[in-house]
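Hi there,

Here is the structure I promised to pass on. My notes on the ligand site and the domains follow below it.

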Amino acid sequence: MANKIIVLEEDIVSKIAAGEVVERPASVVKELLENALDAQSSQVSFEIKDGGKRLIKVSDDGWGMSSSDAKLALLRHSTSKIKSLGDLFSISTLGFRGEALPSIAAVSYLELVSREKDSLEGVKVKAEGGKILEVKKIGCPPGTEVLIRDLFYNTPARLKYLKTASTEIAHISKVVTTQALSHPQVSFKLVHNGMTIFNSPSTPTPYQAVIDVYGKDLAKDLLELEFTHPSLDIKGFIGKPSISRASRAHQTFFVNSRPVRSKILFHALGEAYQGLIPGGRHPLAILYLKIRPELIDVNVHPAKLEVRFLREKEVHNLVQEAIRKCLTSAQLIPELRLKEPLPQKEVGSYPRAERKYQFVQETSPTLSLREVREEYQRGRPSFEEIAVLGQVFQTYLLAEDRDEFLIIDQHALHERIIFEELMKTKKSSGVPSQSLLIPLTLQLEPKQALSLKENLNSLKEIGFVLEDFGGNTFIIRAVPSVLKVENEQILFDLIDEISEESLQSKERITWEKIIQMVACKAAVKAGENLSRREAEALLKEFQNLENPFSCPHGRPTVIRMKKSDLERQFGRR
Ligand SMILES: Nc1ncnc2c1ncn2[C@@H]1O[C@H](COP(=O)(O)OP(=O)(O)OP(=O)(O)O)[C@@H](O)[C@H]1O
Ligand SMILES: [Mg+2]
């Protein structure tokens, strides 16, 4: 019988290997940038066209390559960074596998020009789909320039999955700005379709790099952290609890200068802020960990994005301790507790509500969601005689409506109210917009600025007046009236969400979607105390809603229980 198993041809093997290393243009940029940094460059510049789909050019002034090394560099498993198995366990460079250049070359047209500092001439290597076509001597400045054209030209399946140029460049800018944070001494310049989108000159301090990436406004709300321990040095910046964010997008960790994603580090950070920021919010952090290379394994992820710590628990606890100490020494912990006194009169627990609260808790599994939905469909209540009883868990309002007992999710209901209001005004007169007395200047990360530019029109449609001021700065002149302007955080959260959302999707975000986001941001949150008056005002809106039973995301706003259901539960019937 013929063999079922065959040995794959080299061409297929290299494309499979390339698939692991090169997922999108940003992966190419990441690898070429790491090579430039490993070559001790002091300047790295990037010229990108069409989100990197047409062209990626990375030039550095590092130590360059000799003619023979430049040819070898395109061969799989050829590296100058490790020599033996032992070296694999004490890596201090960003690269170590000898896979990046051959993988990139396998799926593109590549040109590499390089000259060693003390050499009189340089070399140019041209390759197509990984095959070297030409090697020649050339006059060029010291350093290396790698030019990639038509990425994925020979792997159409990958090409199809690429997103719009603006999404791809946003990913690229994230890669560049992240490395800029850990290499302040290196100057970076990123140009896309002829426009400079990030430029950070060489600076002796990471703080200046943080300003270059995040802008001055955010940087002034960061605390500097420094912590030494025989096993681990930690330096960096953490956000004051007052500037927490809705996602983890602003948490960056470097382990020995390598940007990594690590559950352990995310967790340690979250734990350190326990009780200081509301649930569901995330602190900002840019932390640089220095650890003996033998104590980590960097060879655990195809894109080198993760590390494994030999002493996980110790690292977790030290990071947590470092952050906690920093917050305490900045006197933020006591200050914060004082800053958030409980409004005694408005805790929302009225005597009647407290009584009810107890039995709600004990008999909670009453109607299933399905039953509740069926119930809704049977007949819509008028909500005319609705009376507030109280608030429980600072999240749910309890109310009575004739012969029904209602449990209302305060956030979901408020979100629905704002959503319908905005949709209605959008369709009739247009969303009312509120001009700001003093326009707000927003300095954004390049990644966010790019997505914001993409979505300026949708934002305009719903009452934002935003001006692109250049250099990743925007001026906000007006916002939809429902947004509390004094709360800049809401704006930052909204922009974060818009930028995350547009990185995920191929299309521009519609104004309907933005209305949904605005409603969510502007609505009262779970965990907020509501006064009786506020609760009553909220419930009064029930009767005006077109669809009072679910929030714009489809979660229920209210759970209803008939008096007769309760009677049955208590065996009265
Ligand atoms: N910009 C550069 N300047 C100087 N040398 C370079 C540069 N880029 C690549 N090289 C040389 O080419 C070799 C191969 O590069 P490649 O990126 O393929 O592998 P690596 O960096 O060793 O490992 P990894 O696959 O993990 O990135 C490097 O080891 C380095 O010696
Ligand atoms: Mg490399």
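A residue counts as near a molecule if one of its heavy atoms lies within 4 Å of it. On that basis, 22 residues surround ligand 1, and the closest are Asn 35, Thr 79, Ser 80, Lys 81 and Glu 99.

Before going on, please note that this is a predicted model: local features need pLDDT of at least 70, side-chain atom pairs count only at pLDDT 80 or more, and totals for chains, interfaces and linings use all residues. Residues are numbered from 1 along each chain as its sequence is written, chains are lettered from A and ligands numbered from 1 in the order in which they are written, and side-chain values use heavy atoms, with hydrogens and water left out.

Back to the ligand. A polar side-chain atom of Asn 35 sits 2.8 Å from an oxygen atom of ligand 1, while one of Asp 60 lies 2.9 Å from a nitrogen atom of the ligand. Ala 100 places a backbone N or O atom 2.9 Å from a ligand oxygen atom. The protein covers 95% of the 590 Å² of accessible area that ligand 1 has on its own (Shrake-Rupley method, 1.4 Å probe).

Now the domains, whose bounds come from an automatic or database domain assignment: domain 1 (10-205), domain 2 (221-338) and domain 3 (352-573). The C-alpha centres of domain 1 and domain 2 are 29 Å apart. Their contact (heavy atoms within 4.5 Å) takes 19 residues from domain 1 and 16 residues from domain 2.

Best wishes

Terms used:
Polar contact = N/O pair within 3.5 Å; in protein donor to acceptor, adjacent residues only side chain to side chain.
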